[in-house]
Amino acid sequence: MQKKRIYNPNSEETLSQRQVFNGNPHGILNFTKAKYVWALKLWDIMEANTWFPKEVDTTRDALDYRTNLTKAEKRMYDLVWSQLISMDSFQTNNLADNINPYITAPEINAVLTRQAYEEANHSKSYAVMVEAICENTDLIYEMEKHDSTLREKNDFISSIYEDLAGDVDDNKLLLAMVANQILEGIYFYSGFTAIYALARAGKMLGSAQMIRFIQRDEITHLLLFQNMINSTRKERPDLFNEENIDKIYDMFKKAGELEIKWGKYITQNQIMGFTDEIIEEYIHYLIDQRLVAINLSRIYNAKHPIKWVDDFAKFNDQKSNFFEGKVTNYSKGSISFDDF
């Protein structure tokens, strides 16, 4: 598979002939004409969701970190940021260098570019939190050099993306889309939930607010790749053969094992409301949800064990700010899976 041409004036490709990949695009981005209308809808939502890390007040969190967190909570907090920093760093480069060059639908190119910006914005938000709150910032940014469990998880995720950097074919690009769905829809969630668990106990409320903004972005990123996968299924059903389906299930199972191991490792059964059993059930539940979203069967038939997490992640129109009690209008950026 070759990377798309930046400018291709001799293209005769019609709108109906446009493909997620292996198309022959003209190279002109026209927002008034799109085959994948879902991409335009996602663009509008992502644009409305625009936020900046400086909007979140971290003053109280810095005090909580020094005086109110237990030793186990502080360890977990540092490890969460280390992992999130790694994943968004991977993703910013992966989208720009590995995925977007092979996508031949300009409206999808645009949304992937917007996602890459948002991943970088998340990295900025982590820097704001770490610098304002944590004691050893250099260690957090280089934690994988010292922590073998974090290194194992990072190595697995990065190896999938590095594989795509070699010779690319249709099968590898499909599996790369699934890998992105896994990253956006599973790998972030132990970290998100760990921070919400602290906020549920009345601690690190600014950090939880930051995670709410980040998770709202990640929902759109997850929807992007789910739609890319489902559109590819319509265009290239031959790629969804038994061999690739088996690989997809194996990817989800391995991802679940890693995320469960990571969740248990960072919490060590010492975080209120977030036990080892809950972590395992929750990750299995997420895997089932992500598989169904791309028209595959559940593996675990797991139940949602911590529905209070969903309340922490919500943005509602003209509701009281969940953490500060101030009235804030979030209607411009509200989103849920029900929107698609």
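**Close-up views of a predicted helical model**

**View 1. The lining of the largest cavity draws on several helices.** Helices α6 (148-164), α7 (170-187) and α10 (242-267) each supply at least two residues of the lining of the largest cavity, where helices (H or I, at least four residues) are DSSP runs numbered from the N terminus. This is a predicted model, in which local features need pLDDT of at least 70 and side-chain atom pairs count only at pLDDT 80 or more, while totals for chains, interfaces and linings use all residues. Residues are numbered from 1 along each chain as its sequence is written, and side-chain values use heavy atoms, with hydrogens and water left out. The lining is made up of Phe-156, Ile-157, Ile-160, Tyr-161, Ala-179, Ile-182, Leu-183, Tyr-187, Met-251 and Ala-255. The volume of this largest cavity is about 60 Å³, and the structure holds two cavities of 30 Å³ or more. A cavity is a set of points on a 1 Å grid over the protein atoms alone where a 1.4 Å probe fits but cannot get out, and its lining residues have an atom within 4 Å of a point; grid points are joined across faces, edges and corners, and the volume is the space filled by probe spheres set on the points.

**View 2. Helix α1 and its buried face.** The buried residues of α1 are Trp-38, Ala-39, Leu-42, Ile-45 and Met-46, with buried meaning under 20% relative accessible area, exposed over 50% and partly exposed in between (1.4 Å probe, protein chains only). Seen down the axis of α1, these buried residues fall within an arc of 125 degrees, so they line one face of the helix; the arc is that of the directions from the helix axis to the C-beta atoms. What covers the buried residues of α1 includes α4 (106-133) and α9 (205-235).

View 3. In helix α2 (residues 59-67), the buried residues are Asp-61, Ala-62, Asp-64 and Tyr-65. They cover an arc of only 160 degrees around the axis, which puts them on the same side of α2, whereas Thr-59, Arg-66 and Thr-67 are exposed on the other side. The buried residues of α2 pack against α3 (71-99), α4 and α9. Ala-132, which is placed in helix α4, is partly exposed at 37% relative accessibility. Not counting residues up to four places away in sequence, Ala-132 touches Thr-58 and Ala-62, a contact being heavy atoms within 4.5 Å. Although Ala-132 and Ala-62 are 70 residues apart along the chain, their C-alpha atoms are separated by 6.6 Å.

View 4. Gly-263, found in helix α10, is buried with a relative accessible area of 0%. Its C-alpha lies 7.5 Å from that of Gly-191, and 72 residues separate Gly-263 and Gly-191 in sequence. Leaving aside neighbours within four places in sequence, Gly-263 is in contact with Ser-190 and Ile-279. Leu-198, in helix α8 (residues 189-200), likewise counts as buried, at 1% relative accessibility. With neighbours within four places in sequence again left aside, Leu-198 is in contact with Leu-69, Glu-73, Met-76, Tyr-77, Lys-203 and Met-204.

View 5. Most residues other than glycine have a negative phi. Asn-22, in the segment before α1, has a positive phi of about 65 degrees although it is not a glycine, and Asn-22 is partly exposed, with a relative accessible area of 35%. Asn-269, placed in the loop between α10 and α11 (276-293), has a positive phi of about 55 degrees and is not a glycine either; Asn-269 is partly exposed, with a relative accessible area of 42%.

**View 6. Confidence along the chain.** The mean pLDDT of the protein chain is 90, and 92% of its residues reach 70 or more, pLDDT being the predictor's confidence in each residue, from 0 to 100. Over residues 316-340 the pLDDT is below 50, and this stretch has 56 contacts in the model beyond near neighbours in sequence.

Technical notes
On a 1 Å grid over the protein atoms alone, a cavity is a set of points where a 1.4 Å probe fits but cannot get out, and a pocket is an open set with protein on both sides within 12 Å along at least five of seven lines; lining residues have an atom within 4 Å of a point.
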